[in-house]
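The following exercises concern a predicted model. Please work through each task with the structure at hand before reading its solution.

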Amino acid sequence: MPSYQNLLIYYFSGTGNALTGAKWIKTYAESERIKCSLYSIENIKNIEIPELSGKTLIGFCYPTHGFAPSWIVLKFMFRFPKIKNADAFILNTRGAFKIYKLLIPGISGLALWLPVLILCLKKFSVKGILPLDMPINWTSFFPPVNRTAINSLVARSNRIVNDFCEKIFNAKRYYRYSIWISLLPDLSLIPVSIIYIFWGRFFLAKTLYASYHCNDCKICAINCPVQAITIKYNRPYWSYRCESCMRCMNICPAKAIQSWVSRLFIFTYLLFILFVVSLGINGHLFHLMFILLFFPFYSLLHRILGVRLINILFHYSSLTKYWNRYLVPGIKINQLKGK
């Protein structure tokens with residue numbers, strides 16, 4: 001007899017990793033005759049908890065962005081009410097590699113511990129903490145792993161989730177041993193996590209652009225979970241609301257969305273260094289200028305990329321042009337939005 005009668009799972013997922021984990025848990029719960037509901041955080045404006053009878057378990061499934069929880073998840077968890085007679089668990093996906101048989105796990109940073117702290121402050125009893133090493137999807141920086149590695153990582157994660165469910169649905173706590181192994185690296189990355197939350201995510205929002213292959217289908221804008229993409233000059237334009245979830249880049253049917261965080265970013269940065277050195281500007285002032293000038297530069301860049309020759313130059317010098325795209329096998333675009 002399971003210890004819970006109800007299970008509510010709230011998830012946010014860019015390319016399907018967190019959604020897949022949530023669906024595995026839902027499937028296991030239903031096999032144990034636990035009433036389960038799955039909710040996409042991106043669709044929730046007002047948090048309304050359904051009427052529940054019996055013991056309830058509430059789960060939060062979400063990815064790691066910049067060693068931190070994404071802003072949409074943080075806001076949701078801060079707003080989430082305390083529910084009587086309810087326990088909670090965390091499933092945090094993080095990007096992993098597999099080279100031959102060697103697994104290189106991801107690192108959560110604050111992405112795991114900050115939501116746990118929020119739940120504890122809200123007086124929830126946290127019954128499960130699971131960092132889940134799914135295939136890396138941060139296509140702006142890293143090429144996706146090959147199909148064999150994807151299948152292997154997904155299958156391994158499925159087994160871990162099933163073990164997790166077996167424990168927590170039978171009144172046992174499950175804190176994955178890896179949270180203690182990675183505790184020191186996680187804590188050491190707190191400054192990086194904070195920088196990402198308060199500055200880095202805005203910077204990364206301005207590193208995406210549409211190449212000349214863009215056919216104005218607007219699939220990226222329609223499916224953006226935070227409505228960060230608008231159409232300007234017949235091409236997608238990314239606002240500061242962007243979560244860098246990589247959904248747009250990975251679902252674009254024309255593979256037109258690229259990132260200039262590669263050769264051209266480095267090239268631009270070096271040119272900027274040469275410029276300020278020639279003017280005799282000190283290092284601190286240089287970096288302050290770079291931060292202040294970067295954001296208006298993006299608006300200018302968006303206009304300049306309307307020139308086909310310049311766009312082609314950016315397109316062929318971006319590493320992401322040569323990389324594959326990634327969605328979890330079996331996941332469709334409409335499922336990411338909870339439809």
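**Exercise 1.** Determine in which helix arginine 247 lies, and decide whether arginine 247 is buried or exposed.

*Solution.* Start with the secondary structure: arginine 247 belongs to helix α9, which covers residues 247-251. Next, consider its relative accessible area, which is 1%. Buried means under 20%, so arginine 247 is buried.

**Exercise 2.** Identify which backbone oxygens lie 2.6 Å and 2.8 Å from polar side-chain atoms of arginine 247, and list the residues that arginine 247 touches.

*Solution.* Begin with the backbone oxygen of serine 13, which is 2.6 Å from a polar atom of the arginine 247 side chain. Then take asparagine 223, whose backbone oxygen is 2.8 Å from a polar atom of that side chain. Finally, leaving aside residues up to four places away in sequence, arginine 247 touches Ser13, Gly14, Thr15, Glu42, Asn223, Pro225, Leu336 and Lys337.

**Exercise 3.** Describe how helices α2 and α3 pack, and classify the residues of their contact.

*Solution.* First, locate the helices: α2 comprises residues 71-79 and α3 residues 110-121. Their packing angle is about 10°, and their axes are 10 Å apart. Angles under 35 degrees count as roughly parallel, and α2 and α3 are therefore roughly parallel to each other. Next, examine the contact, where Leu74, Met77 and Phe78 of α2 meet Leu114, Pro115, Ile118 and Leu119 of α3. By class, this contact has seven nonpolar residues, no polar and no charged ones.

**Exercise 4.** State how many helices and strands the protein chain has, and what percentage of its residues count as buried.

*Solution.* The protein chain has 13 helices and 12 strands. Of its 339 residues, 52% count as buried.

Definitions and conventions. Residues are numbered from 1 along each chain as its sequence is written. This is a predicted model: local features need pLDDT of at least 70, side-chain atom pairs count only at pLDDT 80 or more; totals for chains, interfaces and linings use all residues. Side-chain values use heavy atoms; hydrogens and water are left out. Axes are lines fitted to C-alpha atoms, for helices over the stretch in contact, and angles run from 0 to 180 degrees between N-to-C directions. Helices (H or I, at least four residues) and strands (E, at least two) are DSSP runs, numbered from the N terminus. Angles under 35 degrees count as roughly parallel, over 145 as roughly antiparallel, 65 to 115 as roughly perpendicular and the rest as oblique. Contact means heavy atoms within 4.5 Å. Ala, Val, Leu, Ile, Met, Phe, Trp, Tyr, Cys and Pro count as nonpolar, Asp, Glu, Lys and Arg as charged, and the others, Gly among them, as polar. Buried means under 20% relative accessible area, exposed over 50%, partly exposed in between (1.4 Å probe, protein chains only). A polar contact is a pair of N or O atoms within 3.5 Å; within protein, one must be able to donate a hydrogen and the other to accept it, and residues adjacent in sequence count only if both atoms are side-chain atoms.
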